[in-house]
Number of protein chains: 2
Amino acid sequence: MLNKIANAEQHLYEQVAHQIQGLIEQGTLRPGERIPSVRRFSAQNGVSISTVMQAYALLEDHGVIEARPQSGYYVRLRSRELPPEPAISHPPLAAARVNVPDLVIRIHEAIENPDIVPFGAACPSLDLLPSRKLNRALGAILRRTNYAGVTYQSALGNQPLRHQISRRALDWGHHIAENDIITTFGCTEALNLCLRAVAEPGDTIAVESPTYFGILQIIESLKMKALEIATDPKTGVSLEALETAIRKRMVKACLLMPNFQNPLGCCMPEENKKELLRILARYEIPMIEDDIYGDLYHGADRPQPVKTFDKNGLVLLCASFSKTLSAGYRIGWTAPGRFKTQVERLKVTNTMSTAPLLELAIAEMLRNGGYDHYLRRIRKAYALQVQLTTRAICKYFPEGTKVTRPLGGFLLWVELPKSVNALALYRKALAEKISIAPGPLFSAKQRYPNFIRLSCGHPWSAELEQALATLGRLAGTM
Amino acid sequence: MLNKIANAEQHLYEQVAHQIQGLIEQGTLRPGERIPSVRRFSAQNGVSISTVMQAYALLEDHGVIEARPQSGYYVRLRSRELPPEPAISHPPLAAARVNVPDLVIRIHEAIENPDIVPFGAACPSLDLLPSRKLNRALGAILRRTNYAGVTYQSALGNQPLRHQISRRALDWGHHIAENDIITTFGCTEALNLCLRAVAEPGDTIAVESPTYFGILQIIESLKMKALEIATDPKTGVSLEALETAIRKRMVKACLLMPNFQNPLGCCMPEENKKELLRILARYEIPMIEDDIYGDLYHGADRPQPVKTFDKNGLVLLCASFSKTLSAGYRIGWTAPGRFKTQVERLKVTNTMSTAPLLELAIAEMLRNGGYDHYLRRIRKAYALQVQLTTRAICKYFPEGTKVTRPLGGFLLWVELPKSVNALALYRKALAEKISIAPGPLFSAKQRYPNFIRLSCGHPWSAELEQALATLGRLAGTM
C-alpha cells in the first residue's frame with residue numbers, strides 16, 4: 001500500500017518535471033532564466049511543495065536546471081548553444097628555453113586594483129572563499145595559546161596540518177603518511193623544490209600545451225627547458241606524444257596538471273592516468289603532479305590524482321589552499337614520493353620551514369569540517385560562474401570563437417578568430433580597465449596568438465557581463 | 001656657585017665609584033656577583049641616592065659593572081680573566097664544492113625537543129623575544145579587519161612593512177625607498193634569491209671562514225662553489241685575501257656578514273667597510289650582505305651595514321626578524337640595489353609573495369615602538385648571556401681553550417685543544433642531551449675539526465651551567 005502511494009507520488013513529480021522541461025524546450029523558459037520558486041509553482045499549479053521540490057531535484061540531477069545559492073532555480077545552458085571547443089594543440093616536438101614576458105607581473109598587480117575587472121589572474125573573489133572564517137580560526141588559536149607558531153619548526157612543517165592532509169588523501173583512496181608530506185609556501189614553492197629535486201639546469205621538462213605561465217616561469221628561472229606536449233582540451237596531455245618525446249630521451253621529468261588543467265580545465269580520464277603511470281615507470285621518468293584545482297570539481301566526485309595509482313614513488317604531488325581557502329596565507333604542500341629527502345633538504349635552504357601559525361589555522365579549517373562545508377559552496381559557485389561567462393561569450397564574442405568546457409576550477413580558455421591578436425587585445429582591454437591573460441603567456445614559444453584565458457573566480461554581476469560585452473566588441477573589431 | 005656645587009657633586013660620585021672599584025680589585029666583590037642596590041648602598045654609606053646612581057652609571061659606562069633587567073647591578077668579567085681569542089683563519093685559496101652533512105637537520109630538530117639543552121641552533125629563547133606581544137598584535141589586526149591578508153599581493157610584499165623598514169634604515173643613516181625593498185620568507189629566502197640574481201650554477205662565491213652553515217648549504221643547493229676567505233675574529237674578513245681572490249678572477253660575488261658574523265660575532269670596522277666597497281666597485285663584484293644580527297649590538301650604537309656607504313648599487317642587503325621578534329613568522333627582506341628586477345622576478349617564481357598577514361603584524365611592532373622597546377631588553381640579555389657563558393667556559397673547559405669576544409648577537413666560537421674532535425664531542429654531548437654545533441659545519445671543506453659554536457640565546461640558568469660543565473668534562477677527556 002505504502003509502495004503504491006510512493007509510486008503514485010513518483011509518477012506525479014516526474015509529470016511535473018516533464019511539464020517544466022516542455023516549457024524550456026518550447027522556449028517559454030530560456031537558458032539562464034529563473035524558473036518560478038517552489039512555493040509559487042506549488043500554489044499556481046495545485047501540487048504539493050514536496051512534489052515540486054522532488055521535480056526540481058530531478059531536473060537538477062539531469063542538468064536541465066540548477067540551483068544558485070540564495071537565488072533560486074535557473075534554466076541551464078544547453079550544450080547545443082555553446083560555441084565549439086578548441087582543437088587539440090600540436091606544438092612542434094622541440095625543447096625551448098622559456099621566455100615569459102614581464103606582463104605576468106602586471107597581471108598580478110591588477111589584483112590589487114579594485115577598479116580593474118578581474119578576468120586576468122586566477123584569483124578567486126574574497127566573497128567566495130571562507131577567508132573571514134579562516135581568519136577567525138587563526139584568532140582563536142592566538143587566544144588559546146600565547147606562543148603558538150613563533151619559533152622555528154622542522155623542515156617538514158606543521159604536524160597537525162600534515163596529519164589533516166594525510167587524512168584527506170584517504171578520502172580519495174590513497175595513503176600518504178604524515179612524514180611523507182612537506183608543507184610549502186604555496187604550490188609555487190612546492191613546484192619549485194620538486195623541479196630542483198628531479199632535474200638540473202639545462203634539463204628538459206615536459207609540460208602540457210598550453211600550460212600555466214607560472215610553471216613556465218619557474219622552469220625559466222631554474223634555467224631548465226620546456227617541451228610542450230600536444231594536449232586535448234577534453235582529455236589532457238596526449239600520451240602518444242608524451243611517450244614519443246620520452247622515448248627520444250628528450251625528457252628528464254614531466255610537470256602536468258591531470259585534474260582541471262590551467263588553462264584548459266580538462267581532467268584526464270582514469271585509464272589515461274594509469275597508462276601515463278605505465279609510461280613513466282617504463283622509462284623511470286618522474287612526474288610532478290600539480291593538483292591545485294583538484295578539489296574544485298564541478299561534478300559529483302573528486303577525480304583522483306595520478307599519485308593515487310603510483311606504486312613506484314615517481315609522482316611528486318603538489319597542491320595548495322590558495323584557490324579554496326586563502327591565497328594570502330601561502331600554504332601549500334608536496335608529497336614527493338621517493339624524492340622526499342632531496343625535497344626536504346631543498347626546503348631547508350629555500351625558506352627553512354613554512355610558517356606554523358598560518359598552517360595551524362588551515363589545519364583547524366580542515367579538522368573541524370569547515371573546509372568541506374565551504375568547498376561544496378565554492379564548487380557550485382565556480383561551476384555557475386563558468387557557465388554564465390560561457391553564455392556571455394556566446395552572446396558577445398565574434399563568430400568563430402571557441403571555448404573550453406571545464407570540468408572543474410574556474411578558468412576558460414578562449415580561441416578567438418585568427419584576426420585577433422591577444423596581446424593587442426590585452427592592451428586595449430586594460431585601457432578599458434579589464435584584465436585578461438593573453439594566450440602567448442601559456443607557451444614557452446609564445447604560441448596561441450589568438451587565445452585568451454578568462455578567470456571566472458568572481459560572482460556574476462552586471463559589471464562582469466558589461467566587461468565581456470566590451471571584450472567581445474574589441475575582439476570583433478580586430 | 002651652582003657650578004661649584006655641581007663640581008663638588010661630581011667629585012663625590014667619582015669618589016664613590018672609585019671606592020667600589022677598589023672593592024672589586026681587592027676581590028671583595030667578584031666578577032659576576034651582585035653589588036648592593038642603590039638604596040642599600042645609600043643607606044649604608046650615608047650618601048644620597050642620586051650620588052650612588054651617578055656612581056653606578058659611571059662604573060657601567062666604564063664597563064666595570066652592568067645592570068641586569070629586574071635584578072640590579074653586577075660586577076662584569078674582567079678581560080684578563082677571559083681565555084684568549086682564536087687566531088685569524090687561513091683557508092687555502094681554492095674554491096670548493098660544498099658538502100654540508102645532514103647533521104644540520106638534526107641540529108634543527110633539537111629545537112623542538114625541550115629535553116635537549118639548546119646550545120646548537122642559533123635560536124633565541126621564546127622567553128626573551130616579544131612573541132606574545134607579536135601574536136597579540138596579529139590578533140588585533142584580525143579583529144580590526146575580516147579580510148586582512150587573505151589574498152595575493154604584489155611580489156614586493158606588504159607596503160606597510162616595507163614602509164617601516166625604509167623608515168628604520170634612515171635611523172642608521174641610509175635611504176632605502178619602500179619600492180627598493182622586497183619582503184621574503186626569512187633571511188634564508190632573501191639570501192637564496194640574491195645569490196641566484198648575481199651568480200649561476202658553477203660560479204664561485206667568496207665567504208668568510210668560518211661561516212654560517214646555512215649559507216654554505218644554500219650555495220651547495222644552487223650548485224655554486226664557495227671560496228673561504230681568511231677572517232679575523234676581531235675585524236672580520238681579510239680585505240687583502242679577498243682582493244687577491246677577486247684579482248685572480250676567482251670570485252663571481254661575495255656573501256658576507258660584516259655585522260656580528262655567524263659564528264664569530266665580529267664586526268668590521270667602518271674603515272674596512274668603506275675599503276671593501278672600493279674593492280667591490282673596482283672589480284664590479286656584487287656583495288650580498290647578511291645583516292640578520294645587525295640590530296643585536298651589545299655596545300651603544302648600531303653598526304652601519306656596508307650598504308649605507310654603497311653608491312653603486314652593488315650591495316644586496318638581506319635581513320629578517322627571526323632573531324628579534326619571531327623565527328616562526330618567517331619574515332625577512334632584501335634591498336637588492338641594482339639587482340632589484342632580477343630578485344623580484346625570482347621572488348615570483350620561488351614563492352609568489354610573502355604572507356601579508358604576518359607582515360602586517362611585524363609592521364605593527366615596528367610602527368608602535370614595541371620593537372625598539374624590546375630590542376633594548378633583548379640586546380642586554382644577549383650580552384649578559386654571552387658573558388656568563390664565556391665565564392663558564394673559562395671555568396669548566398680544558399686548558400688551551402680559546403673563545404671569541406662577540407660585539408653583538410648571541411653566538412660564541414670556541415677553539416678547543418687540538419686533541420678534541422668536535423664531531424665526536426657533538427655525538428657525546430647529544431647522548432647527554434646537550435646540542436652543540438660542531439666546527440666542520442662552518443666550512444665548505446669541513447675545516448675547524450676542534451671548534452664548536454655555542455648559542456647563548458637562552459636566559460642563564462643552573463641547567464645551562466651544568467651542561468657547560470658536562471661539555472668541559474667531555475672535551476677534557478678527549
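Okay, handedness first: a crossing is left-handed if the near helix is turned anticlockwise from the far one by less than a right angle, and right-handed if clockwise. By that rule, helix 5 of chain A crosses helix 12 of chain A in a right-handed way. Helices here are DSSP runs, H or I, of at least four residues, numbered from the N terminus.

Quick housekeeping. This is a predicted model, where local features need pLDDT of at least 70, side-chain atom pairs count only at pLDDT 80 or more, and totals for chains, interfaces and linings use all residues. Residues are numbered from 1 along each chain as its sequence is written, with chains lettered from A and ligands numbered from 1 in the order in which they are written.

Back to our pair. Helix 5 (131-144) and helix 12 (356-367) of chain A pack at about 115°, axes 9 Å apart; axes are lines fitted to C-alpha atoms over the stretch in contact, and angles run from 0 to 180 degrees between N-to-C directions. So the two helices of chain A are roughly perpendicular, a label covering 65 to 115 degrees.

Who touches whom? On helix 5 of chain A we have A:Leu134, A:Ala137, A:Leu138 and A:Ile141, and on helix 12 of chain A there are A:Leu360, A:Ala361, A:Glu364 and A:Met365. Contact means C-beta atoms, placed from the backbone, within 7 Å.

Now the chain pairing. 51 residues of chain B contact 50 residues of chain A. Helix 5 of chain B gives the largest share of chain B's side, 8 residues.

Key: Two residues are in contact if their C-beta atoms, placed from the backbone, lie within 7 Å. Angles under 35 degrees count as roughly parallel, over 145 as roughly antiparallel, 65 to 115 as roughly perpendicular and the rest as oblique.
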